[in-house]
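User: I am new to this structure and would like to know what stands behind the terms used for it. Please take me through them.

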Amino acid sequence: MSLLKTIDTNPAFAPRENLPLPERLIAGNPAFKTWAQDVARGEMIHTGVWEATPGETRSIKGETFEFCHILSGVVEITPEDGEPVVYKAGDSFVMKPGFVGVWKTIETVRKIYVSVM
């Protein structure tokens with residue numbers, strides 16, 4: 001097993017597809033695709049590519065730390081009791097444990113994610 005992992009931003013394998021939980025859907029009809037590419041530290045660290053179509057959902061991180069790098073598209077993230085922040089291709093950000101807010105996909109977004117649980 002190699003300790004170096006390249007993340008394929010346009011994977012050839014089929015993604016896992018799902019929809020937001022009904023209690024988290026705010027507006028629109030977003031659909032999600034996940035191309036999981038690596039797991040480490042006994043399932044604690046997950047890495048891959050994620051895509052979402054336009055819509056608005058409630059984001060609740062709980063105990064999860066997530067690093068995101070936007071490959072394409074545009075999102076607006078509004079922390080609870082905070083101001084909206086727009087992220088687009090080339091931008092990176094972190095949602096720390098305890099983050100609660102609104103994730104609004106303005107243009108279909110694709111990101112690399114690293115989540116630590």
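Analyst: The model is predicted, and the answers below set its computed values against the terms.

User: Why is Gln37 called buried?

Analyst: Buried means under 20% relative accessible area. Gln37 has 13%, so Gln37 is buried. Gln37 sits in strand β3.

User: What makes a residue count as a contact of Gln37, and which residues are they?

Analyst: Heavy atoms have to lie within 4.5 Å. Leaving aside neighbours within four places in sequence, the contacts of Gln37 include Lys5, Thr6, Ile7, Asp8, Pro11 and Phe13. Thr47, Gly48 and Val49 are also in contact with Gln37.

User: Why is Val39 called partly exposed?

Analyst: The class lies between the buried limit of 20% and the exposed limit of 50%. Val39 has a relative accessible area of 39%, so Val39 is partly exposed. Val39 is also in strand β3, and touches Ile45 and His46, not counting residues up to four places away in sequence. The C-alpha atoms of Val39 and Val114 are separated by 9.7 Å, with the two residues 75 places apart along the chain.

User: What makes Glu43 and Asp81 exposed?

Analyst: Exposed means over 50% relative accessible area. Glu43 has 51%, so Glu43 is exposed. Asp81 has 83%, so Asp81 is exposed as well. Glu43 is in the loop between β3 and β4, whereas Asp81 is in the loop between β6 (65-79) and β7 (85-88).

User: What is the phi of Glu43, and what is that of Asp81?

Analyst: Glu43 has a positive phi of about 75 degrees, and Asp81 has a positive phi of about 60 degrees. Neither Glu43 nor Asp81 is a glycine.

User: Which other strand is joined to β4 by eight bridges, and in which sense do they run?

Analyst: That strand is β9, and β4 and β9 run antiparallel. The bridge partner of Ile45 in β9 is Val116.

User: What makes β4 mostly covered?

Analyst: Seven of the eight residues in β4 are buried, and buried stands for a relative accessible area under 20%.

User: What makes a set of residues a nonpolar core, and which residues have the most contacts inside the largest one?

Analyst: The members must be buried residues of the nonpolar kinds counted for a core, joined through side-chain atoms within 4.5 Å. The largest core has 14 residues, and those with the most contacts inside it are Trp50, Val75, Ile77, Phe93, Trp103 and Val109. β4, β6, β8 (92-95) and β9 each supply at least two residues of this core. β6 gives the most, with four residues. As for Ile77, the residues it touches include Glu83, Pro84, Val85, Tyr87, Phe93 and Trp103, not counting residues up to four places away in sequence.

User: How do you know that a residue lines the largest pocket, and which lie nearest its centre?

Analyst: A lining residue has an atom within 4 Å of a pocket point. There are 30 such residues for the largest pocket, and Arg24, Phe32, Trp50, Lys61 and Glu66 lie nearest its centre. The volume of this pocket is about 780 Å³. β5 provides the largest share of the lining, six residues.

User: How does the lining of the largest pocket divide by class?

Analyst: The lining holds 13 nonpolar, ten polar and seven charged residues.

User: What lines the second largest pocket?

Analyst: Eleven residues line it, and Ser2, Leu3, Lys5, Asp38 and Ala40 lie nearest its centre. The second largest pocket has a volume of about 240 Å³. β3 gives the most to its lining, with three residues. By class, the lining has six nonpolar, two polar and three charged residues.

Note on methods
Residues are numbered from 1 along each chain as its sequence is written. This is a predicted model: local features need pLDDT of at least 70, side-chain atom pairs count only at pLDDT 80 or more; totals for chains, interfaces and linings use all residues. Side-chain values use heavy atoms; hydrogens and water are left out. On a 1 Å grid over the protein atoms alone, a cavity is a set of points where a 1.4 Å probe fits but cannot get out, and a pocket is an open set with protein on both sides within 12 Å along at least five of seven lines; lining residues have an atom within 4 Å of a point. Grid points are joined across faces, edges and corners, and a volume is the space filled by probe spheres set on the points. Ala, Val, Leu, Ile, Met, Phe, Trp, Tyr, Cys and Pro count as nonpolar, Asp, Glu, Lys and Arg as charged, and the others, Gly among them, as polar. Buried means under 20% relative accessible area, exposed over 50%, partly exposed in between (1.4 Å probe, protein chains only). Two strands pair if DSSP finds at least two bridges between them.
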